[in-house]
Amino acid sequence: MPQEEIIGEKEGLVNVMEAENPTTQRVRQLKDSGYIKQRQSGYHSLRIRVRGGRVKAEELAKLAKVANEYGNGEFHFTMRKGIEIPWVKFEDLEAATKAVEEAGFVLAGCGPRTRAVFNCLGSICPYSAIDVFAIVDEMDRRYFDSHLEQNPTRFPHKFKMSVTGCAIGCAKPQLNDVGLMGVTFPGLEIEKCIGCRLCAEVCREFGSIDDASSAWEMVVAKPEHDWLKEEPVFSPDLCIGCGDCLRACPTDAIPSVRSGLRIFIGGKFGRHPWYGEILADYASVEEAFAIIDRVRDFYQKEGKKGERISHLIERVGMEKVRESVLHGLRKELGEINPRLPRVRV
Amino acid sequence: MEQIAVDRKLDLRGTVCPMNFVKTKLALEEMETEEVLEVILDSGDPIRNVPRSLEEGHKILQVSRLEEAFAVLVQKGWG
């Protein structure tokens, strides 16, 4: 019994699967399809995909009816922005699934496949540098929906992606197999500057205990900028693309001159967390999709069964991954500022 | 920095976001166009957000650093 419950979570899934009995196999298949076995015998939780974490009130009302009819009237919100309806009896699974589908939803399965892509509120959040909803919806359509087909692409292990609008990273792109982060690069229109020094005050990203430098610094103004006593100067090497200076500048003297996606690869949580490596920086949306396609190909071809991308990187080396994924693309994509924040194990 | 005549002062040290913004807006509403408000804001989130938010409709003339706070001079705009 306990073995049944943990089986889908096992890192070395394949070895266990070979030995599994019909019951454990059934549990795994159910879980792969989005029916999560509860610790209470005979009950499952239905995991429902919510695209982009956004759900219409009337759609939720339809799901509420399903939860009342087949569950215990409760929803559970998952970490990947899905909705679960727990306490569904085994004999009701088919009818409940039909009701979920009639409400306009699909189940979000587990197993070695693309998981629901998740995201922050980046299309309405003031911090975001990108249209998060447009990107996450497209990723979900391209990569999650393909798994709803008859013979979906199988990966060596689960494949998780997230999209976040800014360097704060609410959607944790560093902890997904592929994570996208919106970044923005500041310019300076000095004629609008009033020398207020807010850019230098708010720029804090390298202002840690051991490194107090920030990308904006105030220096004595040049003679030709005679309306200023002090003026800001920018050090690109110290910029992480967070956009704090753009937002703080009260006179619009700091425009965004470039925005794009920072792409993390190989992140995961779980028993052995890994912090993703930065694979590319300031990619366009089109370039990001090309890179994701290549990462998926690479993972499918080179990954061993049961191996997450983090393990694959550890085994073959990040340089090989970079070469395989980025070759032929704009070379600036792979030029990663070595001072960008990262954690190494 | 040039000396700018201040018509009204508002010390918002200790007032958190977004109430500091609300109070500043309300103060500006009571003032005449082109009058200057000096608002004192804490460092951190208040100074990150409030001046920029006031830019819609008003003009930031000057920001100067006090010890743990900032003095922001805002000129009331038309409208």
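In which sense do strand β1 (residues 8-11) of chain B and β2(B) pair, and over how many bridges?

## Strands of chain B

Strand β1 of chain B, residues 8-11, pairs with β2(B) in the parallel sense, over four bridges; two strands pair if DSSP finds at least two bridges between them. B:Lys9 has B:Glu38 in β2(B) as its bridge partner. Six of the seven residues of β2(B) are buried, and the strand is mostly covered. Buried means under 20% relative accessible area, exposed over 50%, and partly exposed in between, with a 1.4 Å probe and protein chains only. Helices (H or I, at least four residues) and strands (E, at least two) are DSSP runs, numbered from the N terminus.

## Basis of the values

This is a predicted model, in which local features need pLDDT of at least 70 and side-chain atom pairs count only at pLDDT 80 or more, while totals for chains, interfaces and linings use all residues. Residues are numbered from 1 along each chain as its sequence is written, chains are lettered from A and ligands numbered from 1 in the order in which they are written, and side-chain values use heavy atoms, with hydrogens and water left out.

## Chain A overall

Chain A has 11 helices and 11 strands. Of its 345 residues, 51% count as buried. Among contacts in chain A with a separation of 6 or more, 67% are between residues 24 or more positions apart; contact means heavy atoms within 4.5 Å.

## The five-stranded sheet

Five strands of chain A form an open sheet with mixed pairing, in the order β5-β6-β7-β10-β11. Its edge strands, β5 (118-119) and β11 (277-283), each pair on one side only. Strands β7 (residues 178-186) and β10 (residues 256-265) of chain A are antiparallel and share nine bridges. In β10(A), A:Leu261 is the bridge partner of A:Gly182.

Helix α9 of chain A (residues 285-302) lies across β6 (161-164), β7, β10 and β11 of that chain, at about 150° to β11(A). Axes are lines fitted to C-alpha atoms, for helices over the stretch in contact, and angles run from 0 to 180 degrees between N-to-C directions.

## Helix contacts

The axes of helix α4 (residues 57-70) and helix α5 (residues 93-102) of chain A come within 9 Å and cross at roughly 170°. α4(A) is therefore roughly antiparallel to α5(A); angles under 35 degrees count as roughly parallel, over 145 as roughly antiparallel, 65 to 115 as roughly perpendicular and the rest as oblique. A:Leu63, A:Val66 and A:Tyr70 in α4(A) meet A:Ala95, A:Ala96, A:Ala99 and A:Val100 in α5(A). By class, this contact has seven nonpolar residues, no polar and no charged ones. Ala, Val, Leu, Ile, Met, Phe, Trp, Tyr, Cys and Pro count as nonpolar, Asp, Glu, Lys and Arg as charged, and the others, Gly among them, as polar.

In helix α2 (residues 45-54) of chain B, the buried residues include B:Pro46, B:Ile47 and B:Arg48. Their cover includes α7 (198-202) and α8 (244-248) of chain A, together with α1 (19-29), β2 (36-42), β3 (59-65) and β4 (69-75) of chain B.

## A:Arg322 and the cysteines

A:Arg322 is found in helix α11 (residues 318-326) of chain A and is buried, with a relative accessible area of 15%. Leaving aside neighbours within four places in sequence, its contacts are A:Glu277, A:Ile278, A:Leu279, A:His327 and A:Ile336.

The structure holds zero disulfides over all chains, a disulfide being a pair of cysteine sulfur atoms within 2.5 Å. The closest cysteine sulfur to that of A:Cys196 is in A:Cys249, 6.2 Å away and too far for a bond. For A:Cys203 the closest is in A:Cys242, at 6.4 Å, also too far. A:Cys196 counts as buried at 9% relative accessibility, and A:Cys203 counts as buried at 15%.
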